Amino acid sequence: MPNDEKDRFGEKLREKERAEEDRFFAQRDRDLLEKLRRSSSEQEESTIQELARSRCPRCGTRLVAKQVDGVEIDECPSCSGVWLDKGELEALSRRDSKTWLARVLGVAD
């Protein structure tokens, strides 16, 4: 009878080891899948940003750079929208402090 108990105990230990191994690999698989999802999302976001770069927010047409009073602005050839980067509006308003734009922005000579 003691050998029978040892065999059952040994079998229980092997079952426990298999269960722990299964849990380990299941967690590893979940971690790898999550990493893959994050990587895929980041890559997708990067692709979307690249596709949207230098495109008109209104109609999606590629913007064309245009010089206005020494400031390069972006203009849409399709809908005629004008898009300014940081500082371009202030730079345009500095040329004449008497315009409404300069007054609104508080630009003085």
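## Side chains, contacts and backbone

Q: Is E88 buried or exposed?
A: The relative accessible area of E88 is 12%. Buried means under 20% relative accessible area, exposed over 50%, and partly exposed in between, with a 1.4 Å probe and protein chains only. E88 is therefore buried.

Q: What kind of model is this, and how are its residues numbered?
A: This is a predicted model, in which local features need pLDDT of at least 70, side-chain atom pairs count only at pLDDT 80 or more, and totals for chains, interfaces and linings use all residues. Side-chain values use heavy atoms, leaving out hydrogens and water, and residues are numbered from 1 along each chain as its sequence is written.

Q: Which residues does E88 touch, not counting residues up to four places away in sequence?
A: E88 sits in helix 2, residues 88-93. Helices (H or I, at least four residues) and strands (E, at least two) are DSSP runs, numbered from the N terminus. Contact means heavy atoms within 4.5 Å. Leaving out residues up to four places away in sequence, E88 touches V71, E72, I73 and W83.

Q: How many salt bridges does a search of the whole structure find?
A: A salt bridge needs a side-chain nitrogen of Lys or Arg within 4 Å of a carboxyl oxygen of Asp or Glu. Searching the whole structure gives a count of seven.

Q: How far apart are the closest N and O atoms of E20 and K16?
A: E20 and K16 are four residues apart in helix 1 (residues 2-52), so about one helical turn separates them. E20 is partly exposed at 37%, and K16 is partly exposed at 46%. They form a salt bridge, with the closest N and O atoms at 2.2 Å.

Q: Which residue forms a salt bridge with E34?
A: E34 is partly exposed, with a relative accessible area of 35%. The closest N and O atoms are 3.8 Å apart, and the partner is R37.

Q: Is R37 buried or exposed?
A: The relative accessibility of R37 is 51%. The cut-off for exposed is over 50%. R37 therefore counts as exposed.

Q: Which residue meets R53 in a salt bridge?
A: R53 lies in the loop between helix 1 and strand 1. R53 is partly exposed, with a relative accessible area of 46%. The N to O distance in the bridge is 3.7 Å, and the partner is E50.

Q: What is the angle between the planes of F24 and F25?
A: Rings of Phe, Tyr and Trp (its six-membered ring) pair if their centres lie within 6.5 Å; planes under 30 degrees apart count as stacked, over 60 as edge-to-face and the rest as tilted. The count comes to one aromatic pair. F24 and F25 form an edge-to-face pair, 5.1 Å centre to centre, with a plane angle of 80°.

Q: What is the phi of S54 near?
A: S54 is in the loop between helix 1 and strand 1 (64-68). S54 is partly exposed at 40% relative accessibility. Its phi is positive in a residue other than glycine, near 60°.

Q: Where is D69, which has a positive phi of about 50°?
A: D69 is not a glycine, yet its phi is positive. Its place is the loop between strand 1 and strand 2 (71-75).
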